[in-house]
Amino acid sequence: MASAAARWNHVWVGTETGILKGVNLQRKQAVNFTAAGQPRREEAVSALCWGAGGETQILVGCADRTVKHFSTEEGIFQGQRHCPGGEGTFRGLAQADGTLITCVDSGILRVWREDDKEASSDPLLELRVGPGVCRMRQDPAHPHVVATGGKENALKVWDLQGSEEPVFRAKNVRNDWLDLRVPIWDQDIHFLPGSQKLVTCTGYHQVRVYDPASPQRRPVLETNYGDYPLTAMTLTPGGNSVIVGNTHGQLAEIDFRQGRLLGCLKGLAGSVRGLQCHPSKPLLASCGLDRVLRVHRIQNPRGLEHKVYLKSQLNCVLLSGRDNWEDEPQEPQEPNKVRSEDTETDELWASLEAAAKRKLPDLKQTQGALQTKRRKKRPGSTSP
(Lines give C-alpha, C1' and ligand atoms only; values in the text may rest on other atoms or scores of the structure.)
Protein backbone atom coordinates (compact mmCIF):
# COMPACT_ATOMS: atom_id res chain seq x y z
CA MET A 1 0.00 0.00 0.00
CA ALA A 2 2.99 2.30 0.53
CA SER A 3 3.71 2.01 -3.18
CA ALA A 4 0.15 2.92 -4.11
CA ALA A 5 0.21 5.94 -1.78
CA ALA A 6 3.53 7.25 -3.12
CA ARG A 7 1.71 9.67 -5.41
CA TRP A 8 0.38 11.58 -2.38
CA ASN A 9 3.78 12.30 -0.85
CA HIS A 10 4.46 16.01 -0.46
CA VAL A 11 8.26 15.96 -0.23
CA TRP A 12 10.97 13.71 -1.66
CA VAL A 13 14.51 13.71 -0.28
CA GLY A 14 17.71 11.95 -1.30
CA THR A 15 20.03 10.61 1.37
CA GLU A 16 23.72 9.92 1.83
CA THR A 17 22.96 6.19 2.09
CA GLY A 18 21.33 5.96 -1.35
CA ILE A 19 17.70 5.96 -0.20
CA LEU A 20 14.90 7.96 -1.79
CA LYS A 21 12.49 8.97 0.97
CA GLY A 22 8.91 10.03 0.34
CA VAL A 23 7.25 12.09 3.09
CA ASN A 24 3.51 12.62 3.50
CA LEU A 25 3.13 15.60 5.80
CA GLN A 26 -0.59 15.16 6.42
CA ARG A 27 -0.26 11.56 7.52
CA LYS A 28 3.11 12.12 9.24
CA GLN A 29 4.60 9.20 7.31
CA ALA A 30 8.00 8.66 5.69
CA VAL A 31 8.65 5.68 3.40
CA ASN A 32 11.99 4.43 2.04
CA PHE A 33 12.46 3.44 -1.58
CA THR A 34 15.59 1.70 -2.86
CA ALA A 35 16.28 0.12 -6.24
CA ALA A 36 18.38 -2.81 -4.97
CA GLY A 37 16.52 -3.46 -1.73
CA GLN A 38 19.47 -2.52 0.51
CA PRO A 39 20.89 1.00 0.92
CA ARG A 40 24.49 1.55 -0.21
CA ARG A 41 26.65 4.60 0.28
CA GLU A 42 28.10 4.06 -3.18
CA GLU A 43 24.65 5.04 -4.48
CA ALA A 44 24.30 8.23 -2.42
CA VAL A 45 21.66 10.49 -3.97
CA SER A 46 23.20 13.79 -5.07
CA ALA A 47 20.50 15.25 -7.38
CA LEU A 48 16.73 15.04 -7.87
CA CYS A 49 14.43 16.43 -10.56
CA TRP A 50 11.03 15.75 -12.09
CA GLY A 51 10.98 13.60 -15.22
CA ALA A 52 9.28 14.09 -18.56
CA GLY A 53 5.91 13.04 -17.14
CA GLY A 54 5.78 15.92 -14.69
CA GLU A 55 5.30 14.82 -11.09
CA THR A 56 4.60 11.22 -12.11
CA GLN A 57 8.32 10.48 -12.49
CA ILE A 58 11.44 11.42 -10.51
CA LEU A 59 14.97 11.28 -11.90
CA VAL A 60 17.41 10.24 -9.15
CA GLY A 61 21.10 11.02 -9.71
CA CYS A 62 23.41 8.77 -7.68
CA ALA A 63 27.09 8.92 -6.75
CA ASP A 64 27.94 5.88 -8.90
CA ARG A 65 27.00 7.97 -11.96
CA THR A 66 23.64 6.27 -12.58
CA VAL A 67 20.33 8.03 -13.13
CA LYS A 68 17.36 6.03 -11.86
CA HIS A 69 13.75 6.50 -12.95
CA PHE A 70 11.22 6.35 -10.12
CA SER A 71 7.47 6.24 -10.77
CA THR A 72 5.41 8.09 -8.18
CA GLU A 73 2.24 6.47 -9.56
CA GLU A 74 3.42 2.91 -8.90
CA GLY A 75 5.97 3.62 -6.16
CA ILE A 76 8.77 1.62 -7.80
CA PHE A 77 11.98 2.19 -9.73
CA GLN A 78 11.40 1.52 -13.42
CA GLY A 79 14.94 1.42 -14.73
CA GLN A 80 18.21 3.27 -14.79
CA ARG A 81 21.00 4.32 -17.12
CA HIS A 82 24.70 4.81 -16.58
CA CYS A 83 26.06 8.25 -17.51
CA PRO A 84 29.88 7.98 -17.64
CA GLY A 85 32.30 10.81 -18.26
CA GLY A 86 34.23 13.12 -15.96
CA GLU A 87 34.89 12.75 -12.26
CA GLY A 88 32.86 13.38 -9.15
CA THR A 89 29.15 13.32 -8.36
CA PHE A 90 26.27 14.93 -10.21
CA ARG A 91 26.04 18.67 -9.61
CA GLY A 92 22.96 19.09 -11.72
CA LEU A 93 20.28 16.99 -13.36
CA ALA A 94 17.56 18.04 -15.82
CA GLN A 95 15.44 16.83 -18.71
CA ALA A 96 14.34 18.68 -21.83
CA ASP A 97 12.53 17.52 -24.98
CA GLY A 98 13.21 13.83 -24.48
CA THR A 99 16.85 14.34 -23.46
CA LEU A 100 18.67 14.01 -20.15
CA ILE A 101 21.17 16.69 -19.06
CA THR A 102 23.89 15.82 -16.53
CA CYS A 103 26.85 17.73 -15.12
CA VAL A 104 29.56 16.45 -12.77
CA ASP A 105 32.21 18.00 -10.49
CA SER A 106 34.98 17.97 -13.06
CA GLY A 107 32.98 20.15 -15.46
CA ILE A 108 31.72 17.64 -18.05
CA LEU A 109 28.19 18.55 -19.13
CA ARG A 110 26.52 15.92 -21.31
CA VAL A 111 23.17 15.61 -23.07
CA TRP A 112 21.80 12.06 -23.43
CA ARG A 113 18.90 10.56 -25.30
CA GLU A 114 16.58 9.74 -22.42
CA ASP A 115 14.81 6.75 -23.95
CA ASP A 116 18.14 5.06 -24.74
CA LYS A 117 19.18 3.22 -21.58
CA GLU A 118 22.18 1.42 -23.04
CA ALA A 119 25.38 2.12 -21.14
CA SER A 120 27.45 2.04 -24.31
CA SER A 121 25.50 4.81 -26.06
CA ASP A 122 27.32 8.06 -26.78
CA PRO A 123 25.98 11.43 -25.62
CA LEU A 124 24.29 13.74 -28.07
CA LEU A 125 26.36 16.70 -26.84
CA GLU A 126 29.34 17.22 -24.56
CA LEU A 127 30.50 20.56 -23.15
CA ARG A 128 33.44 21.37 -20.91
CA VAL A 129 32.17 24.03 -18.54
CA GLY A 130 35.28 24.24 -16.33
CA PRO A 131 36.48 22.31 -13.26
CA GLY A 132 35.16 22.66 -9.75
CA VAL A 133 31.46 22.85 -10.66
CA CYS A 134 29.15 23.27 -7.69
CA ARG A 135 25.83 23.72 -9.48
CA MET A 136 24.20 23.29 -12.86
CA ARG A 137 20.73 24.84 -13.10
CA GLN A 138 18.16 24.69 -15.89
CA ASP A 139 16.12 27.72 -16.98
CA PRO A 140 12.44 26.79 -16.37
CA ALA A 141 11.27 29.15 -19.14
CA HIS A 142 13.82 27.86 -21.68
CA PRO A 143 14.63 24.19 -20.93
CA HIS A 144 17.51 24.15 -23.43
CA VAL A 145 19.35 26.89 -21.48
CA VAL A 146 21.43 26.01 -18.41
CA ALA A 147 23.79 27.88 -16.11
CA THR A 148 26.91 26.56 -14.38
CA GLY A 149 29.22 27.86 -11.66
CA GLY A 150 31.59 26.65 -8.99
CA LYS A 151 34.84 27.19 -7.15
CA GLU A 152 37.11 29.39 -9.28
CA ASN A 153 34.60 28.74 -12.05
CA ALA A 154 32.65 31.90 -12.80
CA LEU A 155 28.97 31.88 -13.76
CA LYS A 156 28.30 30.83 -17.36
CA VAL A 157 25.07 30.48 -19.34
CA TRP A 158 24.91 27.83 -22.08
CA ASP A 159 22.45 27.33 -24.95
CA LEU A 160 22.41 23.60 -25.64
CA GLN A 161 20.85 24.20 -29.06
CA GLY A 162 23.46 26.75 -30.09
CA SER A 163 27.24 26.90 -30.19
CA GLU A 164 29.66 25.23 -27.81
CA GLU A 165 30.63 28.61 -26.34
CA PRO A 166 28.67 30.17 -23.46
CA VAL A 167 26.16 32.85 -24.36
CA PHE A 168 27.10 34.70 -21.16
CA ARG A 169 30.29 34.56 -19.12
CA ALA A 170 30.34 36.50 -15.85
CA LYS A 171 33.30 38.66 -14.93
CA ASN A 172 34.77 38.67 -11.45
CA VAL A 173 34.17 41.68 -9.23
CA ARG A 174 36.85 44.32 -8.86
CA ASN A 175 39.72 43.88 -6.42
CA ASP A 176 39.06 44.60 -2.78
CA TRP A 177 40.26 47.63 -0.82
CA LEU A 178 43.71 46.01 -0.49
CA ASP A 179 43.81 45.60 -4.28
CA LEU A 180 43.67 41.82 -3.87
CA ARG A 181 41.75 39.55 -6.19
CA VAL A 182 38.36 38.41 -4.83
CA PRO A 183 38.04 34.60 -5.02
CA ILE A 184 35.15 32.95 -6.89
CA TRP A 185 32.92 30.29 -5.33
CA ASP A 186 29.39 30.12 -6.73
CA GLN A 187 27.44 27.54 -4.72
CA ASP A 188 23.93 27.83 -6.18
CA ILE A 189 22.23 29.51 -9.15
CA HIS A 190 18.68 30.45 -10.08
CA PHE A 191 17.07 32.08 -13.11
CA LEU A 192 14.71 34.93 -12.24
CA PRO A 193 11.23 34.55 -13.77
CA GLY A 194 10.20 37.00 -16.46
CA SER A 195 13.70 38.27 -17.19
CA GLN A 196 17.18 37.22 -18.25
CA LYS A 197 18.67 37.90 -14.82
CA LEU A 198 20.30 35.29 -12.63
CA VAL A 199 20.97 35.23 -8.90
CA THR A 200 23.80 33.32 -7.23
CA CYS A 201 24.97 32.61 -3.69
CA THR A 202 28.61 32.05 -2.88
CA GLY A 203 30.80 30.23 -0.41
CA TYR A 204 31.94 33.65 0.81
CA HIS A 205 28.41 34.54 2.06
CA GLN A 206 27.50 36.81 -0.89
CA VAL A 207 24.27 37.01 -2.90
CA ARG A 208 24.76 38.46 -6.40
CA VAL A 209 22.45 39.35 -9.27
CA TYR A 210 23.69 39.22 -12.88
CA ASP A 211 21.97 40.70 -15.94
CA PRO A 212 23.19 39.27 -19.28
CA ALA A 213 21.24 42.00 -21.09
CA SER A 214 23.30 44.78 -19.49
CA PRO A 215 26.62 45.96 -20.97
CA GLN A 216 28.61 44.90 -17.89
CA ARG A 217 29.33 41.29 -17.04
CA ARG A 218 29.90 42.00 -13.36
CA PRO A 219 27.06 41.71 -10.82
CA VAL A 220 24.47 44.49 -10.96
CA LEU A 221 23.69 43.94 -7.24
CA GLU A 222 25.58 42.33 -4.38
CA THR A 223 24.78 41.84 -0.72
CA ASN A 224 26.22 39.78 2.15
CA TYR A 225 24.57 37.57 4.74
CA GLY A 226 26.27 36.23 7.85
CA ASP A 227 29.85 35.04 8.20
CA TYR A 228 29.60 31.46 6.96
CA PRO A 229 29.53 29.87 3.47
CA LEU A 230 26.14 29.82 1.77
CA THR A 231 25.34 26.31 0.56
CA ALA A 232 21.80 26.43 -0.89
CA MET A 233 19.29 28.90 -2.27
CA THR A 234 15.72 28.98 -3.59
CA LEU A 235 13.36 31.55 -5.06
CA THR A 236 10.23 32.55 -3.13
CA PRO A 237 6.80 32.23 -4.81
CA GLY A 238 6.64 35.97 -5.49
CA GLY A 239 9.95 35.91 -7.34
CA ASN A 240 11.20 39.08 -5.62
CA SER A 241 13.39 37.47 -2.97
CA VAL A 242 15.51 34.41 -2.28
CA ILE A 243 16.01 32.25 0.78
CA VAL A 244 19.57 31.17 1.47
CA GLY A 245 21.03 28.65 3.92
CA ASN A 246 24.58 28.30 5.21
CA THR A 247 26.87 25.75 6.82
CA HIS A 248 25.63 26.61 10.34
CA GLY A 249 21.95 25.94 9.64
CA GLN A 250 20.93 29.60 9.36
CA LEU A 251 18.13 30.51 6.92
CA ALA A 252 17.40 34.04 5.74
CA GLU A 253 15.13 35.70 3.17
CA ILE A 254 16.83 38.44 1.14
CA ASP A 255 15.14 40.90 -1.19
CA PHE A 256 17.48 40.93 -4.19
CA ARG A 257 15.86 44.09 -5.63
CA GLN A 258 17.22 46.20 -2.78
CA GLY A 259 19.70 43.81 -1.20
CA ARG A 260 18.11 43.93 2.25
CA LEU A 261 17.34 41.24 4.78
CA LEU A 262 13.61 40.51 5.16
CA GLY A 263 13.71 37.94 7.94
CA CYS A 264 15.25 34.76 9.31
CA LEU A 265 14.00 31.24 9.98
CA LYS A 266 15.13 29.17 12.94
CA GLY A 267 15.30 25.51 13.84
CA LEU A 268 18.13 23.97 11.82
CA ALA A 269 21.08 22.43 13.60
CA GLY A 270 23.43 21.47 10.76
CA SER A 271 24.66 22.48 7.34
CA VAL A 272 21.86 23.16 4.85
CA ARG A 273 22.03 20.97 1.74
CA GLY A 274 18.69 21.50 0.02
CA LEU A 275 16.05 24.24 -0.15
CA GLN A 276 12.88 24.55 -2.23
CA CYS A 277 9.82 26.78 -1.99
CA HIS A 278 6.34 25.74 -3.06
CA PRO A 279 5.41 27.51 -6.33
CA SER A 280 2.16 28.96 -4.96
CA LYS A 281 1.99 28.34 -1.20
CA PRO A 282 4.16 30.24 1.34
CA LEU A 283 6.02 27.06 2.31
CA LEU A 284 9.73 26.23 2.36
CA ALA A 285 11.17 22.71 2.55
CA SER A 286 14.72 22.37 3.88
CA CYS A 287 17.05 19.47 4.61
CA GLY A 288 20.65 19.02 5.66
CA LEU A 289 23.16 17.14 7.73
CA ASP A 290 21.04 17.17 10.91
CA ARG A 291 18.87 14.44 9.28
CA VAL A 292 15.63 16.41 9.73
CA LEU A 293 13.21 17.56 7.05
CA ARG A 294 11.57 20.85 7.97
CA VAL A 295 8.76 22.78 6.33
CA HIS A 296 8.57 26.45 7.33
CA ARG A 297 5.93 29.05 6.69
CA ILE A 298 7.71 32.01 5.09
CA GLN A 299 4.93 34.61 5.41
CA ASN A 300 3.90 36.29 8.61
CA PRO A 301 3.50 34.68 10.98
CA ARG A 302 6.74 32.86 10.11
CA GLY A 303 7.33 29.57 11.82
CA LEU A 304 7.87 25.84 11.61
CA GLU A 305 4.93 23.92 10.13
CA HIS A 306 6.30 20.37 9.95
CA LYS A 307 9.36 18.55 11.26
CA VAL A 308 10.25 14.94 10.37
CA TYR A 309 13.32 13.06 11.54
CA LEU A 310 14.57 10.82 8.70
CA LYS A 311 17.57 9.01 10.29
CA SER A 312 20.01 9.67 7.42
CA GLN A 313 22.00 12.67 6.28
CA LEU A 314 19.98 14.42 3.59
CA ASN A 315 21.56 15.77 0.39
CA CYS A 316 18.72 17.14 -1.73
CA VAL A 317 15.00 17.89 -1.60
CA LEU A 318 12.18 17.89 -4.16
CA LEU A 319 8.87 19.51 -3.23
CA SER A 320 5.57 18.65 -4.87
CA GLY A 321 3.96 21.64 -6.60
CA ARG A 322 0.36 20.52 -6.29
CA ASP A 323 -2.10 22.71 -4.37
CA ASN A 324 -4.49 20.10 -2.92
CA TRP A 325 -2.33 19.03 -0.04
CA GLU A 326 -5.27 18.90 2.37
CA ASP A 327 -7.87 17.64 -0.16
CA GLU A 328 -6.18 14.38 -1.11
CA PRO A 329 -8.36 11.25 -0.85
CA GLN A 330 -7.85 8.99 2.12
CA GLU A 331 -6.80 5.55 0.90
CA PRO A 332 -7.40 2.52 3.11
CA GLN A 333 -4.34 1.21 4.85
CA GLU A 334 -3.41 -2.45 5.17
CA PRO A 335 -4.44 -3.92 8.53
CA ASN A 336 -1.96 -5.64 10.83
CA LYS A 337 0.98 -4.05 9.02
CA VAL A 338 3.27 -1.84 11.02
CA ARG A 339 6.43 -0.56 9.42
CA SER A 340 9.63 -1.25 11.36
CA GLU A 341 10.72 2.37 10.93
CA ASP A 342 7.55 3.66 12.62
CA THR A 343 7.85 1.09 15.41
CA GLU A 344 11.45 2.02 16.10
CA THR A 345 10.63 5.73 16.12
CA ASP A 346 7.62 5.27 18.42
CA GLU A 347 9.69 3.23 20.89
CA LEU A 348 12.41 5.89 20.87
CA TRP A 349 10.01 8.74 21.62
CA ALA A 350 8.16 6.68 24.23
CA SER A 351 11.41 6.08 26.11
CA LEU A 352 12.26 9.78 25.94
CA GLU A 353 8.85 10.78 27.29
CA ALA A 354 9.15 8.25 30.12
CA ALA A 355 12.55 9.61 31.07
CA ALA A 356 11.24 13.16 31.02
CA LYS A 357 8.42 12.30 33.44
CA ARG A 358 10.81 11.04 36.08
CA LYS A 359 11.29 13.77 38.64
CA LEU A 360 14.62 14.30 40.28
CA PRO A 361 14.48 14.50 44.14
CA ASP A 362 14.21 17.98 45.52
CA LEU A 363 17.69 19.28 46.39
CA LYS A 364 16.53 21.18 49.49
CA GLN A 365 14.67 18.15 50.90
CA THR A 366 17.69 15.94 50.33
CA GLN A 367 20.00 18.36 52.12
CA GLY A 368 17.53 18.67 55.04
CA ALA A 369 17.31 14.90 55.44
CA LEU A 370 21.11 14.60 55.53
CA GLN A 371 21.38 17.29 58.22
CA THR A 372 18.70 15.54 60.34
CA LYS A 373 20.60 12.25 60.17
CA ARG A 374 23.79 13.95 61.32
CA ARG A 375 22.05 15.53 64.31
CA LYS A 376 20.42 12.31 65.52
CA LYS A 377 23.24 10.34 67.09
CA ARG A 378 23.00 7.33 69.31
CA PRO A 379 23.61 7.82 73.09
CA GLY A 380 27.23 7.30 73.99
CA SER A 381 28.41 7.54 70.46
CA THR A 382 31.48 9.62 69.83
CA SER A 383 32.25 11.57 66.79
CA PRO A 384 35.20 10.34 64.77
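## Overall composition

Among contacts in the chain between residues at least 6 apart in sequence, 45% link residues at least 24 apart, where a contact means heavy atoms within 4.5 Å. The structure is a predicted model, in which local features need pLDDT of at least 70, side-chain atom pairs count only at pLDDT 80 or more, and totals for chains, interfaces and linings use all residues. Residues are numbered from 1 along each chain as its sequence is written, and side-chain values use heavy atoms, with hydrogens and water left out.

The secondary structure of the chain amounts to 2 helices and 28 strands; helices (H or I, at least four residues) and strands (E, at least two) are DSSP runs numbered from the N terminus. Of the 384 residues in the chain, 48% are buried. Buried denotes under 20% relative accessible area, exposed over 50%, and partly exposed the range in between, with a 1.4 Å probe and protein chains only. The accessible surface of the chain is about 19900 Å², and carbon and sulfur atoms account for 49% of this area; the areas come from the Shrake-Rupley method with a 1.4 Å probe, and for residues only the protein chains shown count as cover.

Four strands form an open sheet with the order 3-2-1-28 and antiparallel pairing. Its edge strands, each pairing on one side only, are strand 3 (29–33) and strand 28 (314–319). Neighbouring strands of this sheet are turned by 25 degrees against each other on average, direction ignored; axes are lines fitted to C-alpha atoms, for helices over the stretch in contact, and angles run from 0 to 180 degrees between N-to-C directions.

Strand 1 (residues 11–15) pairs with strand 28 in the antiparallel sense over 5 bridges, and V13 stands opposite V317 of strand 28. Two strands are said to pair if DSSP finds at least two bridges between them.

## Aromatic pairs and a charge over a ring

The structure holds 5 aromatic pairs. One of them is formed by W12 and F33, a tilted arrangement with 5.8 Å centre to centre and 45 degrees between the planes. W12 lies in strand 1 and F33 in strand 3, so this pair ties together parts that are 21 residues apart in sequence. Rings of Phe, Tyr and Trp (its six-membered ring) pair if their centres lie within 6.5 Å; planes under 30 degrees apart count as stacked, over 60 as edge-to-face and the rest as tilted.

W12 is buried at a relative accessible area of 1%, and F33 is buried at 7%. Together with F70 and F77, W12 and F33 form one aromatic cluster. Elsewhere, K151 lies over the face of W185, at 4.3 Å from the ring centre; a charge sits over a ring if NZ of Lys or CZ of Arg is within 6 Å of the ring centre and within 35 degrees of the ring normal.

Strand 6 (residues 66–71) is mostly covered, with 6 of its 6 residues buried. In a regular strand the side chains alternate between the two faces of the sheet. In strand 6, T66, K68 and F70 point one way, V67, H69 and S71 point the other way, and all are buried.

Strand 5 (residues 54–62) runs antiparallel to strand 6 and is joined to it by 5 bridges, with V60 and K68 as bridge partners. The hairpin of strand 5 and strand 6 has 3 residues between the strands, and R65 takes a positive phi near 70 degrees there. Strand 6 also pairs with strand 7 (residues 76–82), in the antiparallel sense over 5 bridges. F70 stands opposite F77 in strand 7. These two strands form a hairpin with 4 residues between them, and G75 in the turn has a positive phi of about 75 degrees.

## Strand 26 and its neighbours

In strand 26 (residues 292–297), 5 of the 6 residues are buried, so the strand is largely enclosed by the rest of the structure. Strand 25 (residues 283–288) pairs with strand 26 in the antiparallel sense over 4 bridges, and A285 has V295 as its bridge partner. In the hairpin of strand 25 and strand 26, with 3 residues between the strands, R291 takes a positive phi near 70 degrees.

Strand 26 and strand 27 (residues 303–309) are paired in the antiparallel sense over 6 bridges. R294 has K307 of strand 27 as its bridge partner, and the hairpin of strand 26 and strand 27 has 5 residues between them.

## The surroundings of A252

A252 is part of strand 22 (residues 251–255) and counts as buried at 2% relative accessibility. Not counting residues up to four places away in sequence, A252 touches Y225, V242, I243, V244, L261, G263 and C264. The C-alpha atoms of A252 and G263 are separated by 5.8 Å, although these residues are 11 apart along the chain.
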